[in-house]
Amino acid sequence: MSSPTGPASGLPVRMPRPRQPGRHRRPEPLAAPEGAPALVLAVPGTPGAATRGLAEEVVSIARSELPGLDARIAYLDGDDTEFPTLQGVLAHAAEERTARYEQAKAAGLDIKEPDGPVAVVVPLLAGPDSALLRRIRQAVMESRVAADLTDVLGPHPLLAEALHVRLSEAGLARADRARLFTVATAADGIILASVGGDEAVQAAGITGMLLAARLAVPVMAAALDQDGSIASVAEQLRSSGSQQLALAPYLIGPEIDPGLIEEAAKEAGCAAAEALGPYPAIGKLALAKYTTALGIAPQQPQGAPVR
């Protein structure tokens, strides 16, 4: 037996550390509330092994940020066998919640009947695409399951950071503007390529301004799905003095045919970076959409400071 001043038996006792006071104390770890809705990642595009790997990495990042998170993957063009559809995933989540409640009642537990949304659906999209969002919304309605649908992931400073990293990986930008070295292939003008029409271009332009601040070069958004948009923006950048352009896809990846990026780069006469893919910011932003929808987010994820 131990006393408040130490162990009576001579064995060491680990005493709890006092909570550190003040604004610099370490934040309490956040965990998913018991019985919280599932996070359902709605993945557009033709499903395949690469798309599944990307989606699994995104939800893995989200789970690592929020222990206890029930995160699931649904494919907008799934087949309900190898690639579950959004309707199927939502229906399964609803069935599981009902089964858990009935089992608890049968065990004699005094438990409240579950209410509220079964899931929070987060579109795996960097920017708005009205056609894809309409299909996701329709799938949620057809499932007849109570589910919340969040907005897309961007615009956000973390996406500007991700774009910067992808450009630097392709040798098209310096990794750190403060370092005293140059990259021979660094671009002096960036075309930010989006899909979703004018609304998507406008939204991409907001992230583009953040990217321009990081790189100290002009950045202009263009639409991959509008004829002549990429070439027009490339001409505008060149006429304003940029000579070495680069194309940065403002895309996660599954939402388009990868060949479109290559064709757009040829149209602009420049090199292209990879799509955003499973960059850690994507998982963090998907989780932020989920926690904000539930009102359990301590704060939105912050972007890295501009160097």
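I began by writing down that buried means under 20% relative accessible area, exposed means over 50%, and partly exposed lies in between (1.4 Å probe, protein chains only). I also noted that strands (E, at least two residues) and helices (H or I, at least four) are DSSP runs numbered from the N terminus.

My model is predicted, so local features need pLDDT of at least 70 and side-chain atom pairs count only at pLDDT 80 or more, while totals for chains, interfaces and linings use all residues. Residues are numbered from 1 along each chain as its sequence is written, and side-chain values use heavy atoms, with hydrogens and water left out.

**Strand S3**

I looked up S3 (residues 38-43) and found six of its six residues buried.

**The four-stranded sheet**

I then traced an open sheet with parallel pairing, in the order S8-S7-S9-S10. Its edge strands are S8 (219-223) and S10 (271-272), each pairing on one side only. Between S7 (residues 189-194) and S9 (residues 245-249) I noted five bridges in parallel, with Leu192 partnered by Ala248.

**Helix H7**

Last, I found Glu263 in H7 (residues 258-268). Glu263 is exposed, with a relative accessible area of 52%.

Conventions
Two strands pair if DSSP finds at least two bridges between them.
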